[in-house]
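Colleague: Hi! Could you walk me through this model when you have a minute?
Modeller: Happy to, let's bring it up.

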Amino acid sequence: MNALVLKGGRVIDPSQGVDEKRDLYICDSKVVRTLSEQPDVIDVSGKIVCPGLIDIHVHLREPGQGAKETIQTGSWSAAAGGFTSVVAMPNTNPVADGPDTIAWIKQRAAQLAVVNVFPTGCISKDMAGEFLSPIGQLKSAGVVAITDDGKCIQNNDLMRRALQYATMFDLPIMDHCQDADLSNGGVMNEGYWSTVLGLKGWPNIAEEIIVARNAMLAELTGAHIHCQHLSAAGSVRILRQAKARGIPISGEICAHHIVLTDECLKTYDSNFKMNPPLRTQADIDALIEGVGDGTIEYLASDHAPHCEFEKEVELDDAPFGILGLETEVGIYLKYLVHAKIISLHEMIRRMTIVASDLCGLHKGTLKVGSDADITVLDPDLEWTVDKHQFLSKARNTPFHEHQLKGRATMTIVGGKIVWSLENGLVSHS
């Protein structure tokens, strides 16, 4: 028997409406009501104890891109960020469009990951946007959602049929909203700075038109569609109007899109190059308003590791994407909670039970008998981001030396401490 008590913390569990100072008991891998044997005691007084945080948008790069990240190192990075569960995107090499690849990912995660890894499968074969993947087989293999993240289905009829099939198998569809003709090779936001810098622009309308398309298809089919990493003000407006009409659609933001603008690219630093691109302050204001009024319910990272040599090229040639897992909580605490856009309770709710429910993970709660996946937070801890301290294999972040307020101090998965701020990575294969 492995007994543990987290003593004296403020327990916030939105799944039960709990927000009070009390001890939390763990026996083996489960949350329990009481303990009959002498437990190990961890003093968490002054800290927040909450269900393990969940990130629904993460790239772990395996199979095929282990130089950037592996399932093992990605899970270390997640643990260091306070996450106990991550939803992994399928744009690997080969892409995860069949049950064999999903089986490999699950086996690899079971052997090497220190957090729960939930794979997604592709909407289309080879992510080519021409034919549907075997959605039923993907479901049987264990995917929790389907998405062509990194690409967007341009064929509206194929997207309609994907929604219909996904509903049959009770799988959410996540969509990377990008019209390929309108974005047309753009490498940054289309606007003042793209003109000044002489770089090809990726306009807001290329995202907004797909969000509108998705709302119309969701209304037609009755199937839920989740719009990933929203960046444009118009997308928020469309989403708000669609939700007001009862259309089953949702949206997420990623941390970098509420902090950084396209002006950051004026030094041609490729660590500010991402897809969708950094927009303007007006877009940030709209995204934050959308988070505040509940239009945008989901908070994610789009953790996208790359090798340093890949980013150390001309901006036009550098790949899109940045790291996110180890800075995400600090950014959301600083720019949403401390800025009084949403409460700490609400941030935890969105990153636990709300995220879990979207993908059917059966996580995000501290109910007695639930898996003992737990995050301990210090919401007031001020710290400076140091990319050299990351547990990710990659270093491509625009937040190096950024001042943040609030971070995870301990991550517990299945009743075992896997990472703590004091001791670092505690348990790994």
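Colleague: At what angle do the axes of helix H4 and helix H7 cross?
Modeller: The axes of H4 (residues 156–168) and H7 (residues 204–221) cross at roughly 45° and come within 10 Å. That makes H4 oblique to H7; angles under 35 degrees count as roughly parallel, over 145 as roughly antiparallel, 65 to 115 as roughly perpendicular and the rest as oblique. Before we go on: this is a predicted model, where local features need pLDDT of at least 70, side-chain atom pairs count only at pLDDT 80 or more, and totals for chains, interfaces and linings use all residues. Residues are numbered from 1 along each chain as its sequence is written, and side-chain values use heavy atoms, with hydrogens and water left out.

Colleague: Thanks. Which residues in H4 and H7 meet?
Modeller: From H4, they are Asn156, Met159, Arg160, Leu163 and Gln164, and they meet Arg213, Asn214, Leu217, Ala218, Leu220 and Thr221 in H7. Contact here means heavy atoms within 4.5 Å.

Colleague: How does the contact of H4 with H7 divide by class?
Modeller: It has five nonpolar, four polar and two charged residues.

Colleague: And how do H1 and H2 pack?
Modeller: Helix H1 (residues 71–81) packs on helix H2 (residues 99–112) at an angle of about 60°, and their axes are 9 Å apart. H1 and H2 are therefore oblique to each other. On the H1 side, Ile71, Gln72 and Ser75 make the contact, and on the H2 side Trp104, Ile105, Arg108, Ala109 and Leu112.

Colleague: Switching to strands: what is the order in the open sheet of three strands?
Modeller: The order is S6-S7-S8, with parallel pairing. Strands S6 (53–58) and S8 (116–119) stand at the edges with a single partner strand each, so one side of each has no neighbour in the sheet. Strands here are DSSP runs (E, at least two residues), and helices are too (H or I, at least four).

Colleague: Over how many bridges do S7 and S8 pair?
Modeller: S7 (residues 83–88) and S8 pair over four bridges, in the parallel sense; two strands pair if DSSP finds at least two bridges between them. Val87 has Phe118 in S8 as its bridge partner.

Colleague: Last one: is Val5 buried or exposed?
Modeller: Val5 is buried, with a relative accessible area of 6%; buried means under 20%, exposed over 50% and partly exposed in between, using a 1.4 Å probe and protein chains only. Val5 belongs to strand S1 (residues 3–13). Leaving aside neighbours within four places in sequence, the contacts of Val5 include Leu24, Tyr25, Val41 and Ile42.

Conventions: Axes fitted to C-alpha atoms, helices over the stretch in contact; angles between N-to-C directions. Nonpolar A, V, L, I, M, F, W, Y, C, P; charged D, E, K, R; others polar.
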